[in-house]
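Trainee: Could you walk me through reading a structure like this one? I would like the general idea each time, and then the case at hand.

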Amino acid sequence: MTMRIDLPEETLAGVLAKAFGNRSFLIGLAITLLVVVVALISFVWTPYDVTRLVIADKTQAPSWAHWFGTDHFGRDILSMIMVGARNSIAVALVAVGIGMGLGVPLGAFAAARGGVVDQALMRVNDLVFAFPALLSAIMITAIFGPGAVNAIIAIGIFNIPVFARVARAGALAIWPREFILAARAAGKGMTRIAVEHILPNIATLLLVQGTIQFALGILAEAGLSYVGLGAQPPMPSWGRMLFDAQTRMVTAPWMAIFPGMAIVVTVLGLNLLGDGIADILDPKSRRRR
Amino acid sequence: MTAYLLKRLTIAALTLVLASMVVFAVMEILPGDPARLMLGLNASADQVEVLRNQMGLNAPLLLRYLHWVAGLLSLDFGRSYTYSVPVIDLVRERIAVSLPLALIALALSTIIAIPVGVFSASRQGRAGDTLAMGAAQLGVAVPNFWFALMLIYLFAVWLRLVPAGGFPGWSAGIWTALKSLILPAVALALPQAAILARVARSALIEVLNEDYIRTARAKGLPYRAVLWRHALRNAMIPVLTILGLQFAFLLAGTIIIENVFYLPGLGRLIFQAITQRDLIVVESIVMLLVAAVILINLLVDFSYAIVDPRLRGRQ
């Protein structure tokens with residue numbers, strides 16, 4: 001499980017050639033792009049208006065008019081999934097941003113300083129890890145009330161120690177290298193070395209972890225909105241759609257099946273993409289194959 | 001080894017104290033007066049003041065924190081505002097559902113994941129491995145509560161093999177009670193098993209490339225013995241780490257899954273408490289779950305020492 005970091009000694013063309021030969025990467029990229037495009041299209045067009053309730057069309061089975069059927073308010077499930085994709089992507093993306101933005105500097109700082117600073121930061125990390133995202137979401141909701149923003153904060157907070165650990169482990173492996181010594185000898189300060197030399201060398205690790213946390217964020221967001229702690233109606237969200245489907249499983253199973261599949265496909269795509277990137281850029285996996 | 005165990009113990013204790021401060025602080029800044037909540041809107045300001053004094057709400061912050069911690073340590077969590085019974089009674093009742101559920105799920109996920117991981121690692125790159133890891137890749141992507149809904153549809157609605165939800169209580173007989181925990185446990189376990197199987201596989205593959213494995217094979221040990229005795233043991237450290245982390249996810253997952261199956265566990269209790277603003281219950285359950293996560297991680301640290309003899313010898 002230990003990841004060794006080697007300097008990228010290959011050309012961009014070489015990386016691209018490998019990318020196009022990597023099945024995981026290609027499938028993952030295709031799925032991820034599809035979801036993003038669908039979310040973008042939903043801003044300008046959806047098959048039906050998701051804010052209009054058409055009671056006459058309620059809980060209709062999938063048909064040519066409604067590919068994925070309709071819900072208990074007669075809303076088109078496909079349209080709701082399209083709009084829900086926005087919410088999932090936005091929440092997970094911002095949560096990854098919070099985790100990276102705060103976690104990476106913290107981890108890099110801990111690795112650079114070592115000693116007491118490192119110990120203290122790692123203890124804070126342990127502390128945050130003791131609160132599963134759902135628990136912090138519950139506490140945050142208890143204070144501010146439910147909402148998409150609070151879901152972002154809860155998932156984001158949980159991402160901070162994850163990125164801090166990855167950045168710290170990666171940076172610790174780079175600091176003793178000769179080219180860092182050379183940079184120090186050239187009179188570069190700690191911060192400059194961290195930004196110019198450490199960061200580019202741990203970027204791969206961060207990118208891979210980023211896609212994993214993105215996928216986990218989508219799962220976490222769905223869980224939170226399923227229990228009512230995420231996006232609030234009428235804003236469609238995949239988790240909320242599953243909550244609405246639960247009591248109607250017998251009469252309208254499509255209400256549960258399609259939003260769930262949207263989550264599975266999206267998360268699968270991101271995970272494949274992450275695996276693919278790791279394969280392409282991690283020199284160790286090259287040796288293994 | 002003692003030094004190692006002591007260090008881990010100190011860290012766990014420190015984390016626990018910090019966590020308790022966080023939980024206490026969060027509950028302190030919450031709006032709303034518990035005394036006012038208990039007495040209702042018609043109570044006079046004097047009555048509220050009397051109850052506030054009785055409940056110790058007017059004491060200085062530090063004193064209240066210490067009092068709360070002392071209560072936690074002696075399992076006295078205070079009284080629920082809405083149920084007017086000691087919180088510990090509510091919790092004890094609900095833990096009898098949540099804890100068995102989490103443990104069954106953990107056991108199930110381990111029992112599934114380790115053999116799959118071993119299978120895949122020993123057939124690396126072949127069809128069996130590709131198939132198993134494809135399934136694992138899919139399993140990782142499935143949200144447990146959606147999987148739960150699908151299980152309900154298949155086994156409860158269609159095949160009518162198990163109840164779709166609810167819990168008859170342990171007094172209804174162990175088998176009857178267990179039957180209503182089967183689907184929730186499977187729903188929790190399978191996505192976790194997928195993650196664990198992937199970790200077990202990659203840890204094993206790493207170990208199988210080591211020189212001492214070749215030595216063991218060279219001295220004539222059968223492949224099976226090398227795989228299960230030498231390789232698996234050495235691959236246990238990453239597996240244990242993930243197992244520890246998974247327990248935290250399982251506990252959190254239990255909270256959601258209980259809502260899918262209408263199980264009267266801690267998860268249901270915490271959501272009821274949130275809607276009723278019964279904050280002392282929320283506070284107690286959060287603290288309890290956080291303590292459980294810290295304890296499990298401590299146990300994982302301890303088990304490293306058992307699995308890895310190098311840690312045992314270290315001073």
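Mentor: Let's begin with domains: their bounds come from an automatic or database domain assignment. For chain B, the assignment gives domain 1 (2-73) and domain 2 (89-311). Taken over C-alpha atoms, the centres of domain 1 and domain 2 of chain B are separated by 33 Å. Contact means heavy atoms within 4.5 Å, and here the contact takes 17 residues from domain 1 of chain B and 16 residues from domain 2 of chain B.

Trainee: What should I know about the model itself?

Mentor: This is a predicted model, in which local features need pLDDT of at least 70 and side-chain atom pairs count only at pLDDT 80 or more, while totals for chains, interfaces and linings use all residues. Residues are numbered from 1 along each chain as written, chains are lettered from A and ligands numbered from 1 in written order, and side-chain values use heavy atoms, without hydrogens and water.

Trainee: Is B:Ser109 buried or exposed?

Mentor: Buried means under 20% relative accessible area, exposed over 50%, and partly exposed in between (1.4 Å probe, protein chains only). B:Ser109 has a relative accessible area of 0%, so this residue is buried. Its place is in helix 5 (residues 87-122) of chain B; helices are DSSP runs of H or I with at least four residues, numbered from the N terminus. Beyond neighbours within four places in sequence, B:Ser109 contacts B:Ala189, B:Gln192, B:Ala193, B:Leu196 and B:Gln246.

Trainee: And B:Pro264, where is that found?

Mentor: In the loop between helix 11 and helix 12 (266-275) of chain B. B:Pro264 counts as partly exposed because its relative accessibility is 31%. B:Pro264 and B:Gly166 are 98 residues apart in sequence, yet 7.5 Å apart in space, C-alpha to C-alpha. Leaving aside neighbours within four places in sequence, B:Pro264 touches B:Arg94, B:Val97 and B:Phe167.

Trainee: At what angle do the axes of helix 11 and helix 13 of chain B cross?

Mentor: Axes are lines fitted to C-alpha atoms, for helices over the stretch in contact, and angles run from 0 to 180 degrees between N-to-C directions. Those of helix 11 (residues 236-261) and helix 13 (residues 279-307) of chain B come within 9 Å and cross at roughly 165 degrees. Angles under 35 degrees count as roughly parallel, over 145 as roughly antiparallel, 65 to 115 as roughly perpendicular and the rest as oblique. Helix 11 and helix 13 of chain B are therefore roughly antiparallel to each other.

Methods
Helices (H or I, at least four residues) and strands (E, at least two) are DSSP runs, numbered from the N terminus.
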